[in-house]
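Please have the sequence and the model at hand while reading.

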Amino acid sequence: MTTHFIYEEFYPNHAEDIKEDVRDTLNFICRGQNGHLPWRISDKVKLHGKKVSEEMFKVHLEDHRQIFKEMSFVGVDSIETDISGPKAHAKAHFRFYLDKSSGQAGEVNAEAEFFYNMKYETYCLTRLVVDCFGIK
């Protein structure tokens, strides 16, 4: 017996989309091998108390990636999502490694928070907070 599943039967799965975006974003910031930013980013993102364009937000994250060249991504331990109507929130616990050049070599445990708003039937990132990186 063969069972076939049609992707559209299970889509949209907003919680899984958000978790995938969280993993991709943290992988990107922490210089992971498969680092790329997700496409579900709002055209305006809150960064350091101001609304900036999606382009400027990506530039800021790319700058962080370049400054911390000796950082490596270990992984995401857990992601909790909360979807309430047009808004969603995710909190991730993740790990990264810093080498000797950082002055404090070793594995680091950290948290990140992601805030989303519904736009065009999907949730788009509107704010990212990673205190240990100064991203607020």
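## Basis of the model

The model is predicted, so local features need pLDDT of at least 70 and side-chain atom pairs count only at pLDDT 80 or more, while totals for chains, interfaces and linings use all residues. Residues are numbered from 1 along each chain as its sequence is written, and side-chain values use heavy atoms, leaving out hydrogens and water.

## The sheet

Six strands form an open sheet in the order 2-1-6-5-4-3, with mixed pairing. Strands are DSSP runs of E with at least two residues, helices are runs of H or I with at least four, and both are numbered from the N terminus; two strands pair if DSSP finds at least two bridges between them. Strand 2 and strand 3 are the edge strands, each pairing on one side only. From one strand to the next, the twist averages 25 degrees.

Strand 5 and strand 6 pair in the antiparallel sense over seven bridges. Tyr116 has Leu125 in strand 6 as its bridge partner.

## Helix 2

Helix 2 comprises residues 14–29 and reaches 22 Å from its first C-alpha to its last, close to the 22 Å expected at 1.5 Å a residue (the expected span is 1.5 Å times one less than the number of residues). Because 12 of its 16 residues are buried, helix 2 is largely enclosed by the rest of the structure. Here buried means under 20% relative accessible area, exposed over 50% and partly exposed in between, with a 1.4 Å probe and protein chains only.

The cover over these buried residues includes helix 3 (54–67), strand 3 (71–84) and strand 4 (87–98), where contact means heavy atoms within 4.5 Å. Just after helix 2, Arg31 takes a positive phi of about 60 degrees.

## Helix 3

In helix 3, the residues Phe57, Leu61, His64 and Arg65 are buried. They cover an arc of only 100 degrees around the axis, which puts them on the same side of helix 3 (the arc is that of the directions from the helix axis to the C-beta atoms). The face turned away from this buried side carries the exposed residues Glu55 and Ile67.

## The nonpolar core

The largest nonpolar core has 31 residues, among which Val22, Phe57, Phe94, Phe114 and Phe133 touch the most other members. Such a core is a set of buried Ala, Val, Leu, Ile, Met, Phe, Trp, Tyr and Cys residues joined through side-chain atoms within 4.5 Å. Strand 4 gives the most to this core, with six residues.

Key:
Axes are lines fitted to C-alpha atoms, for helices over the stretch in contact, and angles run from 0 to 180 degrees between N-to-C directions.
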